[in-house]
Protein chains: 2
Amino acid sequence: MRRYERIAEDIGSLIRRGVLPVGQRAPSARAISLSHGVSLGTALRAYELLVDRGFIEALPRSGYYVSSLWRATAEPIAASHPSGASRTVGAHPIVFELFDAARDAAIVPFGSPFISPDLCPLERLARCLRVRASTQMQHPNWIEDLPPGNGELREYIGTRYAHAGAAVSPDEIVLTSGGMEALYLALRAACSHGDLVAIESPAFYGCMQALEVLGLRAVEVPTHPQHGIDIGALTDIIQRKSVRACWLMPTFHNPTGALMPDANKRELARVLARHEIALIEDAAYEELYFGAHRPKPVKAYDTKGLVLHCGSFSKSLSPGYRLGWLAAGRYAQDARRIKTAVTIATCFLVQQAVALYLQRFSYERHLRVLRKTLQTRQLTMLQGVQRYLSGNCRVTRPQGGYYLWVELPEYVDAVKLYRDALASGVSVAPGPIFSVRSEFTHCIRLNCSYPWNATTESAMQTLGELVARCSKSEGVVRQTRPAAA
Amino acid sequence: MRRYERIAEDIGSLIRRGVLPVGQRAPSARAISLSHGVSLGTALRAYELLVDRGFIEALPRSGYYVSSLWRATAEPIAASHPSGASRTVGAHPIVFELFDAARDAAIVPFGSPFISPDLCPLERLARCLRVRASTQMQHPNWIEDLPPGNGELREYIGTRYAHAGAAVSPDEIVLTSGGMEALYLALRAACSHGDLVAIESPAFYGCMQALEVLGLRAVEVPTHPQHGIDIGALTDIIQRKSVRACWLMPTFHNPTGALMPDANKRELARVLARHEIALIEDAAYEELYFGAHRPKPVKAYDTKGLVLHCGSFSKSLSPGYRLGWLAAGRYAQDARRIKTAVTIATCFLVQQAVALYLQRFSYERHLRVLRKTLQTRQLTMLQGVQRYLSGNCRVTRPQGGYYLWVELPEYVDAVKLYRDALASGVSVAPGPIFSVRSEFTHCIRLNCSYPWNATTESAMQTLGELVARCSKSEGVVRQTRPAAA
């Protein structure tokens, strides 16, 4: 442990034990520097860590204050324990209602799957689109970008894979109409009707929709909201059942935000290789990491071409452009063939506009700002959760992406909460839509990518009141039950 | 029969019997007017009809000449007689090679499925895209155009249906990423894995690809290259087998160009309604009619919401924009749900740009010019076919669309011809890719939408030479066979 980490630990401990009460002004960094005999720089690093961990808050021009934010995230949510049975899958109807809610500008979009538009470089993208539209007026060349898609763009994506530690040839890449098409093509390329696919619990609802449309069965793997699936449990399932593929989101899982440790990813690749099982690796949020280094994809550990890695520009540039890709390993030819039967090709001008954006502007610089902003907004929303749902919930604090996974008291019915909140102009994504058997009945997913303001604060307050009301009415029910018995 | 029709009939008969020999100058319209005692206008209408039917050609500033074009189209190609067996379907590998060939600007694109870019209003579309991109810079509103898609555009499409005699509510319409996605979603909405689908023979290869990806079985229905499927034969199949849906292209069929007569369309709708069978109606070429009136879709006769009518802007505006739609009748909710699992949404800027185009410019005027040009180019290519493949083929003369279906002598191997032609820089679409059992081995599909020039003329000459060579070498084989026996 380094010096600043030890100092942070000490101060954190004081806060945990209530020696430094919540709301009180914390000693200044200069005071810490003097009292601990360290440089001001070391004291400031300790404070950064404390802010990150939710022990103190920095208020502009006013110094540091003791925060209670650490409480909500201190006690982690337990791993899931799905039944392990194989079953056919049906998409939850609320998924479609969420899209409708996202369309309504009057509804606070905590339940939205889309990144806040203020984080997208819309102006630059639009400029690139205009340039490419003008070029096409003179030299119509739409034919060139038929599948597998724009060569320049595939080369660029290949280079980014190299930076992430994965060797991916541009020939293996197929550009798609958004990340969802990539996932759909990957699933169809790896599986045939009736096959069994291992998925997380909770899982991205889009996964369950695609399984349903393709007539595939699912088996849920125990999943930890911080570290992702339990490799041991997966291995056990594989040994008992004929699993054809896994569909997993190892990096910043939707909805929990879980990040599988590198060692687990390596082990996962090893297990899959031993049993020749394909992995559909949903990497939609992979670029949105808060740490110093980009987490490696499982694809980086794949030696047999079994990983179909699905990426997207929807979370980093704009969801409206509908551009994603698939690095399909040994399934590349099949994926390309299936693409022809599903959409033939992806809008050529969009491919060309994004290629131009990546050539003209620094994508990396845009991503750095984006990641920093998302991290700040995550913290702000965590503070909001702490303030208004305090004592009533546990929440994940993901190291990337833009979701918080909130576990409310067991008596809260997340679907009822979703309906009541919607009636009050706030959307949340209720837990059951992330589960084959409508589990996670007391969990919700919150989108923390939007700017925090009076409206969002008031929306969070509304949520808090609705949760509190659940508690009370439930209390009444509980009291009456024994009397009726 | 009207006066000018009778005159045309008389002159046509003289040409058929060789009284007016090919290449000879035909009497002037004025001379006809005097000799038949009709107005000059009536004589000119008779000559228009004769030109249309390929009996005479108008040479600019030089009058009319007797043509032999009528010979190629005079003897119609017979209807197909598929076996009627149900089978699983596989896409022909040459389909994917054709896309690669289309990408290569050095190859004469007779085999291409894409309309010639010079016929697309690319500049106006690009201008609309630029305007919408600028709007989005100020007011990001991507969310509004989630499925079912841009409301303005769906209203516009609904209005066009009304003009075509079909009552379609905008609520029934789902915008899609090109016409192919519309067809794919329609097929999945109407069918489940293993279901039997009745298709034409020959059929659009995209139909067979989609059937393969979704694990559906096909039964081929006898189809006439001018009038489309044989309703009696279809009824017979329906009575013997459990057909879940039909996938048909009743208006300007790909590849034959067949147009089902209105009476057949009405009867088809009646038969399907009686048996509660869905129809996936591929209407990709429906707007490209040469006659005075737009042919009615089968959808216009649908009283039970069984017809899933699939349209596209790819043939009328630009294939590169990838925008289509689906009017899914009773399957509308399912289609929308399936869309979410496949691509989530269609590029919002593309939807908005096309909506703006339709609002700013006269689509109808554009289509009028487009239809006229396609009709002229069809005639020019028919003349080319007549000139270079003369005596060796029969060819359809569709009343719309941009394909010619050419039946070569039976000894011609269309796949070999395709390969030889490609080696000489000319692509053609060989018959077997349009068939479940790789039939139509001596047929090819030609794209006649491209401008006729020295390059295309020389390409047609090359085709003629390759066909002639087939004939000779085949002749040798035929001669040696009896000797060997």
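Across the two chains, M180(A), E181(A) and Y184(A) of helix α8(A) meet T340(B), A341(B) and V342(B) of helix α12(B), where contact means heavy atoms within 4.5 Å. Four of the residues in this contact are nonpolar, one is polar and one is charged.

The model is predicted, so local features need pLDDT of at least 70 and side-chain atom pairs pLDDT 80 or more, while totals for chains, interfaces and linings use all residues. Side-chain values use heavy atoms, without hydrogens and water.

Side chains of opposite charge can pair when their charged atoms come close. Over all chains, 50 salt bridges are counted, each being a side-chain nitrogen of Lys or Arg within 4 Å of a carboxyl oxygen of Asp or Glu. In one of them, E276(A) pairs with K304(A), with the closest N and O atoms 2.5 Å apart. This bridge links distant parts of the chain, 28 residues apart. E276(A) is partly exposed at 40% relative accessible area, as is K304(A) at 35%; buried means under 20%, exposed over 50% and partly exposed in between (1.4 Å probe, protein chains only).

In chain B, R371(B) bridges to E364(B) at 3.1 Å between the closest N and O atoms. Here R371(B) is buried at 7%, whereas E364(B) is partly exposed at 29%. In chain A, a network of salt bridges links R160(A), E286(A), E287(A), R294(A), E364(A) and R371(A).

Methods
Residues are numbered from 1 along each chain as its sequence is written. Chains are lettered from A and ligands numbered from 1 in the order in which they are written. Helices (H or I, at least four residues) and strands (E, at least two) are DSSP runs, numbered from the N terminus. Ala, Val, Leu, Ile, Met, Phe, Trp, Tyr, Cys and Pro count as nonpolar, Asp, Glu, Lys and Arg as charged, and the others, Gly among them, as polar.
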